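My entries follow in the order of the look-ups.

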Amino acid sequence: MTKRFQNRLFTSGLLFILVYGALAVAMPFLESHYQIRIDQRLIPMSSAHWLGTDQFGRDTFAMVIGGCFASLSVAAMAVIIGAGIGIPLGLIASEDENALSRSILSLNDLIFAFPALVIAILLHNIFGSGILTAGLAIGLFNIPVFARTIYGASRPLWTKDFVKAARLAGRSTFMIAAVHILPLVSSVVLAQIALQMGLGILAEAGLSYVGLGVVPPMPSWGRMLNEAQTLIVIAPRLAIIPGLAIALSAFFFTWIGDRLSDYADPRRREAHEHDRA
Amino acid sequence: MVIRIFIRKLAGLALFLALASLFIFLIVDVLPGDPAELMLGTDARADTLQALRHQLGLDQPLALQYLSWISGLLRFDFGTSMTYATPVLSLIGERLPVSLPLAVMALALTTLLAIPLGALSAQHYGSRLDHAIKTGFQLTLALPNIWLALLLIMIFAMSLHWFPAGGFAGWKSGLFLGLKSLFLPVLALALPQAAILARIVRAEMRDKAQENFVLGARARGLSEKDILWHHILPNAMLPVLSIMGLQFSFLIAGTVIIETVFSLPGLGRLIFQAITQRDLPLIKGTAMLLVGSVILVNYIVDLMATLLDPRLRRSGAAA
């Protein structure tokens, strides 16, 4: 695989994310297409319904486009929670090896023991099913993921000379973390964000499949899979299409995350340049 | 020395389990306000609510409620399910013969696929084969396991009729039939996980290949193949082991969801019934079991890593 090909894939990945975001915004405008219409049940692919309709007469194409919203908003909410809390925690823990950093790292391990699904099950009692429960559950699980990554990337930076110089110049620890450390680990942060977006999309699909994610009438790829399961013999397309949407969007996000982390790690970057030679 | 590390880590384990149980207690029993009302609905009669509150011990102070719950946990008493009127632990026990083999086989298949493929990719680093395998990993890890499960059902159950599309034959009807009904679920769970793990194996082996012991082995005239499989791979296993511990959390969630796809009578079905019935003791008990098992597995992995790696053992003793 050449560098040029990889760059092209990276650009197309970014393009995909832009389109994906635009489609998510389109969700409310498609509402008339995913109303339940029993008279239009299970119509095969046609010019009126590009991808056909499901057992409730909803247009599959509109549902797939509309599903972008639930998947993007849950994954994005989870990343915002995870990064918003995890990055400061990781930065604080990385400054020194003391009681505070050890307790932050232990707290991380503790939160990590709660799979997003278990958190969703527990939160379901309070908030019911919906974007909030799914986003919070995946977001809580994301906190230790971000904290660990930032901790690992910034720990070696604190002993560098420029940090010592900043300390001598009277900069506070907070300012050093914000102005000197954070920009240096930003590519690692970006890579992690892309990766967690991909994993968040997969997690949202899982939660919606078991009924802990978004609720009808809002379209969701995970619930589409659930509803398609009984019709797998008569209308396999109903199961294939939403799954393809999940897999494609998860693939592009994780792909971009990978390219970014290659870029963030100079050793791996050299390896890629080596490949080209 | 080793015993001292063991005891110190055991104290950590106890603290973790206690904190996890506190967290579950807070979310289930404290945050919703009145669990009795949550279980019976807002239109329940006042005396029924009061009776349930008394039965669940909700009329006692919160600290006492928590203490009685964890003292029960310590005596392996996870409480009594409201819908089944059966001890939670025996309900869980009935489901484990499905869920446990499923999770264990998925973990085994993940490892069996990931280590050789990761090593193969590392051996041919930078070649066409490596890129092909790497792209394969990238595509596989993005597969939602539910979709993979449905595709497997379409191909191997609906078209080829090799495996059942769902349900569990039961171990009583023979080992072969039992394994046959778990084969597709195991595959759906293991493939994406194996892709993630294989990438870690590949990256760790690349890292280890830069180290001096590899140079030493090469200087002693060992063949590249020998160095890769007998020197680099064992050394890369430690970080891989700790990643496997972290993956266990995904495996637990995946098992519960995949059981639903294949309508297996495992823990997954129990949990989702508990959710629809708002059976709080059952929800609390199963959540504690799942979280506790993740904590325990990571504890064992951590302990194994410490015992296997002399460097960690020394630094562990110094701290």
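I took buried to mean under 20% relative accessible area, with exposed over 50% and partly exposed in between (1.4 Å probe, protein chains only). The model is predicted: local features need pLDDT of at least 70, side-chain atom pairs count only at pLDDT 80 or more, and totals for chains, interfaces and linings use all residues. Residues are numbered from 1 along each chain as its sequence is written, chains are lettered from A and ligands numbered from 1 in the order in which they are written, and side-chain values use heavy atoms, with hydrogens and water left out.

**Chain A.** I found that 52% of the 277 residues of chain A count as buried. I counted eleven helices and zero strands in chain A (DSSP runs numbered from the N terminus: helices are H or I, at least four residues; strands are E, at least two). The C-alpha atoms of chain A fill a box of roughly 75 × 55 × 30 Å along the principal axes.

**Cores.** I looked for nonpolar cores, that is, sets of buried Ala, Val, Leu, Ile, Met, Phe, Trp, Tyr and Cys residues joined through side-chain atoms within 4.5 Å. The largest has 143 residues, and Leu117(A), Leu122(A), Leu212(A), Ile24(B) and Val261(B) have the most contacts inside it. Helix α2 (residues 60-95) of chain A gives the largest share of this core, 13 residues. I then listed what Ile24(B) touches (heavy atoms within 4.5 Å): leaving out residues up to four places away in sequence, the partners include Phe114(A), Leu122(A), Trp69(B) and Met288(B). A second, separate core has 22 residues, among them Ala114(B) and Val201(B).

I used a 1 Å grid over the protein atoms alone: a cavity is a set of points where a 1.4 Å probe fits but cannot get out, a pocket is an open set with protein on both sides within 12 Å along at least five of seven lines, and lining residues have an atom within 4 Å of a point. Grid points are joined across faces, edges and corners, and a volume is the space filled by probe spheres set on the points.

The second largest pocket holds about 1800 Å³. Its lining has 40 residues, with Leu105(A), Ser106(A), Asp109(A), Lys9(B) and Asp302(B) the closest to its centre. I noted that α3(A) gives the most to this lining, ten residues.

I counted five cavities of 30 Å³ or more. The largest cavity has about 60 Å³ of space, and its lining includes Asp54(A), Thr60(A), Met224(A) and Leu238(A). Three residues of that lining, the largest share, come from α9(A).
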